[in-house]
Amino acid sequence: MRGRRALARIARAVRWLAMLAVCYVGGVAATNLSPTTIETQHYVATVRLSVLPLHSPVLHGPTILGDLDLDFTSPIIAPGIEVGVAVKQNITEIFTRRDLSVRSLQPTNEEISQALRDGVRGVGWRFLAGSVTAALVLSLAVHYARGRRWPAPTHLVTVGTALIVACAATGVGIWQTYRPANFASLRTTGLLLELEQNKDVLQGVEARTSQATPYILNLLALSQSLRENLVPSTVSQTVSSRVLLVSDIHGQNQYGLMKSIIDSQKIDVVLDLGDLVNFGSATEAEAAGLFTGIASLGVPYLFIGGNHDFTSPTDRALLTRLGAVPNVVLLQPDDTSYTAYSLKGLRITGFNNPRFFGDDAQNTKKKQEPAIAAFNAAMANQPTPDLVATHEPGAADGVTKADIILNGHLHAASVKGNRIGVGTFTGGGVVSHYIPEEDTGELRGQPYAFDIAAFGPTCQLTSLTRYTYRNLIEGAPAYDSVTVVNGATIEKPVVPADPAAPERSCSSIEPSGRVTVSAPAVGR
């Protein structure tokens with residue numbers, strides 16, 4: 001008899017613990033299905049609970065400007081909170097000021113306190129609603145499955161007490177941990193940390209860029225000398241056209257330097273692989289003088305949009321403004337057409353990135369598929385392009401018809417087969433210039449990079465010359481490397497089907513221009 005009573009008590013305890021777990025998981029699920037949104041002047045964040053509690057509570061919010069870590073003191077184990085932070089577009093106004101500082105980028109203590117209060121209330125109400133819903137659904141399911149119309153009183157007591165404990169424990173844990181009074185410190189990384197440690201690092205960036213121009217020109221002259229004396233003649237053969245490959249400008253106006261490169265290297269056209277700005281705003285580009293800088297280059301400026309050049313899947317404001325610059329050629333001016341640009345007979349085309357600033361950065365390769373399919377369909381009956389410009393590697397992977405495929409996005413220069421990954425011309429720009437070292441965690445500036453692709457009279461790539469250097473923002477430019485790649489290792493020589501047929505010509509007498517190619521109506 002005693003054994004049965006003991007087993008019954010154990011069974012009731014197990015049921016109560018199970019109901020407690022159901023209430024807790026249901027509450028956590030509700031905060032994830034409907035996250036709480038909190039805002040400060042320049043940031044917006046979504047807040048949700050995680051299932052596992054934390055002994056050392058830290059709200060970690062990664063942003064494009066660096067990570068924001070809010071530390072709290074708590075006498076108890078606290079519920080884990082996940083925070084997704086996004087930068088508002090109005091932060092672009094800060095980057096036009098001469099007095100840019102870490103205080104202007106960081107939220108104030110008052111903003112943090114108000115955001116915490118809003119977050120605690122929002123998460124608390126959602127947790128309560130989720131817990132009640134989970135308890136009711138499970139109770140009704142169990143008792144109707146047993147053929148009972150109404151739950152037994154003992155079950156109601158089990159559900160009620162488990163619900164009260166789950167909500168009370170979670171609520172007390174959240175309030176005792178994340179209330180403003182327990183806020184201990186704000187830690188930053190990336191640009192935010194660099195600004196904090198070096199308050200004048202961004203003052204006069206454009207002036208330092210101009211001062212570094214002679215250094216870059218000397219680097220170009222040195223590489224030219226090395227090419228003439230060390231590079232085999234098969235690589236340094238007659239050049240018909242030169243294309244300057246750049247990517248990931250990220251709002252940093254270094255077009256004075258680019259103009260010097262164009263003039264000294266006799267560049268015929270610039271091909272930009274996207275991420276002209278940081279926050280998808282034409283206002284940001286206008287404030288930084290990017291449109292004026294592009295107009296001053298004196299050569300055609302071919303452009304595709306990157307994931308930082310739009311604010312939504314349908315936003316085309318930056319493209320529209322760029323299209324008004326006389327020397328700009330948009331390789332995908334709208335959602336249904338592409339531009340096939342001819343440079344002395346060299347065929348260049350490409351397509352925009354379908355992602356946008358504020359995108360959740362999930363399943364990025366899959367998100368490229370509709371854009372890839374539309375581009376491939378549009379080019380199916382067109383001559384094979386010599387160069388196809390994409391932004392992300394995932395987009396480049398899907399291109400089915402091209403002699404050479406280009407991508408940016410990774411801020412890293414690479415060559416693999418006929419794929420050329422182009423580095424960042426501005427070292428990632430001011431916003432994302434600083435990244436932590438993998439080994440030490442110390443911040444370092446990303447390298448600056450650009451490529452010059454030289455094509456011969458038969459439209460074959462003869463050479464790819466790659467330049468990288470560092471520390472331009474810091475005012476101490478340092479040579480990194482110059483690499484000359486034999487074009488035949490990237491673009492394999494084409495064997496004509498008819499040996500008697502005349503070779504393609506990419507000479508100065510060939511006309512340059514553009515042709516609009518429309519996407520097929522099916523599958524749009």
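Visitor: Is L302 buried or exposed, and what is its relative accessible area?

Guide: Buried means under 20% relative accessible area, exposed over 50%, and partly exposed in between, with a 1.4 Å probe and protein chains only; L302 is buried, because its relative accessible area is 0%. This is a predicted model, in which local features need pLDDT of at least 70 and side-chain atom pairs count only at pLDDT 80 or more, while totals for chains, interfaces and linings use all residues. Residues are numbered from 1 along each chain as its sequence is written, and side-chain values use heavy atoms, with hydrogens and water left out.

Visitor: Where is L302 placed, and which residues does L302 touch?

Guide: Helices (H or I, at least four residues) and strands (E, at least two) are DSSP runs numbered from the N terminus, and L302 belongs to strand β9. Contact means heavy atoms within 4.5 Å; not counting residues up to four places away in sequence, L302 touches V269, V270, L271, D272, V329, L331, Y341 and I348. The C-alpha atoms of L302 and V328 are separated by 5.9 Å, although these residues are 26 apart along the chain.

Visitor: How should I read a nonpolar core, and which residues touch the most other members of the largest one?

Guide: In soluble globular proteins, nonpolar side chains tend to be buried together. A nonpolar core is a set of buried Ala, Val, Leu, Ile, Met, Phe, Trp, Tyr and Cys residues joined through side-chain atoms within 4.5 Å. The largest here has 35 residues, of which L244, M258, L276 and Y301 touch the most other members; helix α7 (residues 255-265) gives the most to this core, with five residues. A second, separate core of 27 residues includes L331, L343, A389 and A453.

Visitor: Where is N307 found, and what is N307 in contact with?

Guide: N307 is found in the loop between β9 (301-303) and α10 (317-323), and counts as buried because its relative accessibility is 8%. Leaving aside neighbours within four places in sequence, the contacts of N307 include D275, N353, R355 and H409.
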